[in-house]
Amino acid sequence: MSTTTKVSYKTKCLIIVELANLKSAQAIEKLKQAHDEIASFPPKSILLVTDVTNTEITNEFIAAVTEFAKKNTPYVKSSAAVGATTLVTIISYNLANTAGRKINSFYTRTEAMDWLASQP
């Protein structure tokens, strides 16, 4: 079963990783599976939405999402995180620095998808 969803949105193809409402251990497992799926795409081709709305944030989750971001950087053109609490925004900022790419945070999935669809 796929852990990523491919959607067409405003003429763009977006990849969504759904982690909303998961416990940390469940989210970590989904991140590992999602990486394998993302790695099958051409370099710098993915517009990525990662939805962490109400996801349990633990030190283990932060370590896993950091590794996820670093591993996926070669495949990701632009990335957005959904569920922008203060903690998620700080994590996104740190991930962007660690992964060497921009990761914007948004409160809603629609905001994230609109921003990604506007990317060149």
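This is a predicted model: local features need pLDDT of at least 70, side-chain atom pairs count only at pLDDT 80 or more; totals for chains, interfaces and linings use all residues.
The partners are Phe 106 and Trp 115, with ring centres 5.8 Å apart and planes at 35°, a tilted arrangement. Both Phe 106 and Trp 115 are buried.

Next, the helices. The axes of α1 (residues 24–38) and α2 (residues 59–72) come within 9 Å of each other, crossing at roughly 10°. Angles under 35 degrees count as roughly parallel, so α1 is roughly parallel to α2. Who sits in that contact? Here are the two sides:

| Helix | Residues in the contact |
|---|---|
| α1 | Ser 24, Ala 27, Ile 28, Leu 31, Ala 34, His 35, Ile 38 |
| α2 | Glu 60, Phe 61, Ala 64, Val 65, Phe 68, Lys 71, Asn 72 |

By type, the residues where α1 meets α2 split into nine nonpolar, three polar and two charged.

Now for the nonpolar cores. In soluble globular proteins, nonpolar side chains tend to be buried together. The largest core here has 24 residues, and Leu 19, Leu 48 and Phe 61 are the ones touching the most other members. Phe 61 also turns up on the α2 side of the helix contact. Elements giving two or more residues to this core are β2 (12–18), α1, β3 (46–51), α2 and α3 (86–99).

What does Leu 48 touch, leaving out residues up to four places away in sequence? Its contacts are Ile 15, Val 17, Ile 38, Phe 68, Val 76, Ser 78, Ser 79, Ala 80 and Leu 116. Of these contacts, Ile 38 and Phe 68 also take part in the meeting of α1 and α2.

Note on methods:
Residues are numbered from 1 along each chain as its sequence is written. Side-chain values use heavy atoms; hydrogens and water are left out. Rings of Phe, Tyr and Trp (its six-membered ring) pair if their centres lie within 6.5 Å; planes under 30 degrees apart count as stacked, over 60 as edge-to-face and the rest as tilted. Buried means under 20% relative accessible area, exposed over 50%, partly exposed in between (1.4 Å probe, protein chains only). Axes are lines fitted to C-alpha atoms, for helices over the stretch in contact, and angles run from 0 to 180 degrees between N-to-C directions. Helices (H or I, at least four residues) and strands (E, at least two) are DSSP runs, numbered from the N terminus. Angles under 35 degrees count as roughly parallel, over 145 as roughly antiparallel, 65 to 115 as roughly perpendicular and the rest as oblique. Contact means heavy atoms within 4.5 Å. Ala, Val, Leu, Ile, Met, Phe, Trp, Tyr, Cys and Pro count as nonpolar, Asp, Glu, Lys and Arg as charged, and the others, Gly among them, as polar. A nonpolar core is a set of buried Ala, Val, Leu, Ile, Met, Phe, Trp, Tyr and Cys residues joined through side-chain atoms within 4.5 Å.
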